[in-house]
Amino acid sequence: MSSKILVTGASGFLGSNLIDHLYNKTNFNICALSRSFIEMPYSPTRFDLILQDLTAPMDPSNDSILSDVQYVIHLAGSSDVKKSLKDPIQSFNNNVVASANLLEYSRKHMPNLQKFIFFSTAEVFGSSIGNKKFKEENQKTPCNAYAFTKTATEEICRMYAKIYHLPLIVTYTMNVYGKNQAKHKFVPKIINKISNNEEVTLHANPEPDKRNYLHVDDVSSALEFLIRKAPPGEDYNIVSDVETNNLEIAEIIASVMGTKLKFKLKASPHHHTQSILCNSKLKNLGWKPKISLQIGLRKFIHDR
């Protein structure tokens, strides 16, 4: 009998790509949780769509579908840093309250749960001073509202792991790009500006920010790997092997699109600088990314 997995944030960038990956490359039965209806071309024999706003307690009518779930990958939440600064309460509700409702439901109504993966962010570690690479166990020093809500959510997850023995795994990732990404995110925004022959503004404090970009297909691959191979009670950084900066990303995009980059560098007092992660733990467990930055960006540009 196939295992059953619940993926939250099904209508979002990460969730939609992960569900597509799991449906096409595994035999999991998939429960996709979304706050709004979405069209997904999957057979009902392996796919169930659950309509639920996680800022409210779970609807008991879902019990019959979710009672035999073995794995949860919790991707739902707000990830927009600027919005979190303007409306921190909304970010708190979407990240902290929503996660607490899911955790409480999981402990009460999923007796066969084997792993609960919470998808956190590199930003909980703060900025890398002197290009320091953060390991999973390093101290959290968030520096914006979004990162604080993720840090708070992580602590609630750990409470459920310690007190209620929830089989928790926490992951940290830097910049992800690929199909279905929101247009205001860095890579899609740069592609659009270059397409329109516009000047690109890049944050620099004082130099262009160093980042780690990972194609969404590699993130999906890593999450499947963790479900299959990683023991609960551990944290894992999901990162690529290469650090780059925003100017280099823009230059690669312009090169793929066959044009010359027009850009200017601009300092921003609220802009979060680099949080660089160490990839050794997950690499030693046996996973590594397969899609290089050049290939991934080319694929994203041509598949738009």
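**Salt bridges in the predicted model**

Let's start with one pair. Lys133 and Glu243 form a salt bridge, with their closest N and O atoms 3.6 Å apart. Lys133 sits in strand β6, residues 133-134, while Glu243 sits in the loop between β12 (234-238) and β13 (244-245), so this pair ties together parts that are 110 residues apart in sequence. Lys133 has a relative accessible area of 43%, so it counts as partly exposed.

A word on the source: this is a predicted model. How many salt bridges does the structure hold? The count is 12.

Next pair. Glu154 bridges to Lys140, and here the closest N and O atoms are 3.3 Å apart. Glu154 belongs to helix α5, residues 145-164, and Lys140 to the loop between β6 and α5, so the pair links parts 14 residues apart in sequence. Is Glu154 buried or exposed? Glu154 is buried, because its relative accessible area is 0%, and buried means under 20%.

Last pair. Glu104 and Lys108 meet through their side chains in a salt bridge, 3.1 Å from N to O. Where do these two lie? Both are in helix α4, residues 88-109. They are four residues apart, about one turn of the helix. Now their accessibility. Glu104 is at 22% relative accessibility, so it counts as partly exposed. Lys108 is at 51%, so it counts as exposed; the cut-off for exposed is over 50%.

To recap: Lys133 with Glu243, Glu154 with Lys140, and Glu104 with Lys108.

Key:
Residues are numbered from 1 along each chain as its sequence is written. This is a predicted model: local features need pLDDT of at least 70, side-chain atom pairs count only at pLDDT 80 or more; totals for chains, interfaces and linings use all residues. Side-chain values use heavy atoms; hydrogens and water are left out. A salt bridge is a side-chain nitrogen of Lys or Arg within 4 Å of a carboxyl oxygen of Asp or Glu. Buried means under 20% relative accessible area, exposed over 50%, partly exposed in between (1.4 Å probe, protein chains only).
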